[in-house]
Amino acid sequence: MIINQKWLRTVYAVHTCRKICGAASLLETDPSIVTRQIKQFEKEIGFKLFERHPRGVVPNEAAQNVVEYYLETRASLDKLEANLQKLNDVQRGSIHLAIPDGHIDALMEEVLIDFCNEYPDINICVEEVHSSAQVINKLLEDNAHIGLTFGMAKNPDIRCHERAPLPIYMLVGNAHPFAGKQKITFAETSHYPLALPPASFSLWKMLQTAEHSENIKLKSQFTSNSAAALKGFASTGCGGTLMSTSEARQEIKDGQLISLEIDHPVFMSPELCLAVRRGRSLLPVANQLLRVLTAKLPNICA
């Protein structure tokens, strides 16, 4: 029997999502590829793994055994890597971080520059991603040791190590009519053009809640998954954008953007979560970085 690691990851993703399309999104691939890999794996082991239902797929006992094997082998590999690293030097190693678009500047300023100076022999890889789903996928696939997500992940294999408030503000340029204000109502955000992320981003869940509560419908004039593009639109003064001050730290400091508090509780509720895969054994230097990030998370969100 040949156990293909890619097939194992695919089975695990389908088992987690209970949907082929959901697993494909998690793995950043096409649903047809997921279906083909599942069929290849079933042929190799001689067992059917999932039963199709109107709302998705349901794993059977064989699938559960495969998932348990996958988690056990992954945990064993993590333990081997950690033990081998301990034999070397606790101040050496590589750490991979998955960070949402817009928070890297704050992370560098508050943590990473000082950490790199303190541990010159480590290698830190920071990967910028555009959604919490991508961060979670990186952690589940062990392509990242530590990640930042918006809110608590609804995956039992992801542990929120620490969390901190991440309020959402309206950001405008100096020429905007709201530039002299400190606080606005949610209704006022709809008075001028807005630059917003795509509807798949978590911000839209908050917007829909606020829209429903106040019977207001926002319209995005400019859409982008790039925080830099959204900030660029707002800095022109003709419109604004909605995001945390952490994502616009430098622009606010330089006076290019002004942050306005939105007088609605939904915009005060978001949190940033410091996330790791549950059960993963981190190298000593990665644990040290995790401790520093835990202490500095409120500063990163500010």
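Helices here are DSSP runs of H or I with at least four residues, strands are DSSP runs of E with at least two, and both are numbered from the N terminus. This is a predicted model, in which local features need pLDDT of at least 70 and side-chain atom pairs count only at pLDDT 80 or more, whereas totals for chains, interfaces and linings use all residues. Residues are numbered from 1 along each chain as its sequence is written, and side-chain values use heavy atoms, with hydrogens and water left out.

**The chain as a whole**

- The secondary structure of the chain amounts to ten helices and 13 strands, and its C-alpha trace spans about 70 × 55 × 25 Å along the principal axes.
- Of the 302 residues in the chain, 48% count as buried, where buried means under 20% relative accessible area, exposed means over 50%, and partly exposed lies in between (1.4 Å probe, protein chains only).
- When contacts (heavy atoms within 4.5 Å) are taken between residues at least 6 apart in sequence, 74% of them join residues at least 24 apart.

**Cysteines**

- With a disulfide defined as a pair of cysteine sulfur atoms within 2.5 Å, the count comes to one disulfide.
- That disulfide is formed by Cys 160 and Cys 273, whose sulfur atoms are 2.2 Å apart.
- The pair links distant parts of the chain, since Cys 160 is in strand β6 (residues 158-165) and Cys 273 is in strand β13 (residues 271-277), 113 residues apart.
- Both Cys 160 and Cys 273 are buried.
- Cys 17, by contrast, is in no disulfide, and the nearest cysteine sulfur, that of Cys 21, is 10 Å away; Cys 17 is partly exposed, with a relative accessible area of 27%.
- Cys 116 is also in no disulfide, the nearest cysteine sulfur being that of Cys 125, 12 Å away, and Cys 116 is partly exposed at a relative accessible area of 35%.

**The loop between α6 and β5**

- His 145 is found in the loop between α6 (132-140) and β5 (146-150), and it counts as buried, with a relative accessibility of 15%.
- Beyond its neighbours within four places in sequence, His 145 is in contact with residues including Ser 94, His 96, Leu 139, Val 276 and Arg 280.
- The side chains of His 145 and Arg 280 are joined by a polar contact of 3.5 Å.
- Asp 142 lies in the loop between α6 and β5 as well, and it has a positive phi of about 60° although it is not a glycine.

**Another positive phi**

- Most residues other than glycine have a negative phi.
- Asn 215, a residue other than glycine, has a positive phi near 55°; it is found in the loop between α7 (203-214) and β10 (220-223), and it is exposed, with a relative accessible area of 75%.

**A nonpolar surface patch**

- Leu 77, Leu 80 and Leu 84 form a nonpolar patch on the surface, with about 280 Å² of accessible area together.
- Leu 84 is found in helix α4 (residues 61-86) and is partly exposed, with a relative accessible area of 49%.

Conventions. Patch = residues over 30% accessible without salt bridge, like charges linked within 9 Å, V, L, I, M, F, W, Y side chains within 5 Å. Areas by Shrake-Rupley, 256 points an atom, 1.4 Å probe, with all protein chains shown as cover. Salt bridge = Lys/Arg side-chain N within 4 Å of Asp/Glu carboxyl O. Polar contact = N/O pair within 3.5 Å; in protein donor to acceptor, adjacent residues only side chain to side chain.
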